[in-house]
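Hi everyone, thanks for coming. Please take a look at the sequence and the structure, and then I'll walk you through a few places in it.

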Amino acid sequence: MSSPSSPPPGSSGGRRTGRPRSAEADAAILEATRALLVELGWSKLTMGDVAGRAGVAKTTLYRRWANKNELVVDAVAVLFDELELPDLGSLRADIEHVVLQFAALLERPETRTALMAVVAESTRDEPLRERIRASIVDRQKRLVLAGRRRAQQRGELLDEHPAATVAALDDLIFDVVAGAVVHRALVSAEPVDGPWAARLSALLLGGLGAAAAQS
């Protein structure tokens, strides 16, 4: 689910023109990109490899993506768009669900390989870092916004802070959840299971004392 302010994966924000986009071709290209990343790794992957696997001309790729960096980011972004926030009756349950869903997504080889590749490459590529922020980070903050609105409707959270404060808190919540899950799953290689998700949720909602009580 893309936010209204963000272009869809692979779009150029109106910078390029050409023949109409094909959703079927885009899906095949992004799927081929993820599969080849797992098989070949970042350094060996080429636009030609992707075109061959997807069954399209290489010029088709370059009409949609200027380079491999853009293509790989968008191949990852559509996976994160699968994350959902069903109404489970409480903010704590909603948080735990998203944490476990996110962890399950990171267990998929195509997600793990592609995400780690683009993050590593972005350390020396500022435009790539900006694309990651726009296509993945900013889009997935929709989950935090939806969770906060729902919690306010239930009466779990008060709607009494200035807009700037709320925006800063939303950013912090996203950073804490995403950072914790990525670090545990991909860096520490520890399980993100129900008890861990419950402790993280307690930490977010009640501070360190509540998190300790979950142990």
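Let's start with a question: in which loop does A189 lie? A189 sits in the loop between α9 (163–187) and α10 (194–206); helices here are DSSP runs of H or I with at least four residues, numbered from the N terminus. Before going on, a word on the model: it is predicted, so local features need pLDDT of at least 70 and side-chain atom pairs count only at pLDDT 80 or more, while totals for chains, interfaces and linings use all residues. Residues are numbered from 1 along each chain as its sequence is written, and side-chain values use heavy atoms, with hydrogens and water left out.

Back to A189. Its phi is positive, about 55°, although A189 is not a glycine. A189 is also exposed, with a relative accessible area of 59%. Exposed means over 50% relative accessible area, buried means under 20%, and partly exposed is in between, using a 1.4 Å probe and protein chains only.

Now find helix α2, residues 47–54, where M47, V50, A51 and A54 are buried. Seen down the axis of α2, these buried residues fall within an arc of 100°, so they line one face of the helix; the arc is taken over directions from the helix axis to the C-beta atoms. They pack against α1 (23–40), α3 (58–64) and α4 (68–80), where contact means heavy atoms within 4.5 Å. Just after α2, G55 has a positive phi of about 75°.

Among the residues L71 touches are M47 and V50, along with I29, L30, T33, L61 and W65, not counting residues up to four places away in sequence.

Next, how do α4 and α7 pack? The axes of α4 and helix α7 (residues 126–140) are 10 Å apart, at an angle of about 10°. That makes α4 roughly parallel to α7, a label for angles under 35 degrees. Axes are lines fitted to C-alpha atoms, for helices over the stretch in contact, and angles run from 0 to 180 degrees between N-to-C directions. On the α4 side, the contact includes V73, A77 and F80, and on the α7 side it includes L128, I132 and I136.

For another arrangement, turn to α1 and helix α6 (residues 109–122): their axes come within 9 Å and cross at roughly 80°. That makes α1 roughly perpendicular to α6, the label for 65 to 115 degrees. Here R34, L37 and V38 in α1 meet P109, E110, T113 and A114 in α6.

Definitions and conventions
Helices (H or I, at least four residues) and strands (E, at least two) are DSSP runs, numbered from the N terminus. Angles under 35 degrees count as roughly parallel, over 145 as roughly antiparallel, 65 to 115 as roughly perpendicular and the rest as oblique.
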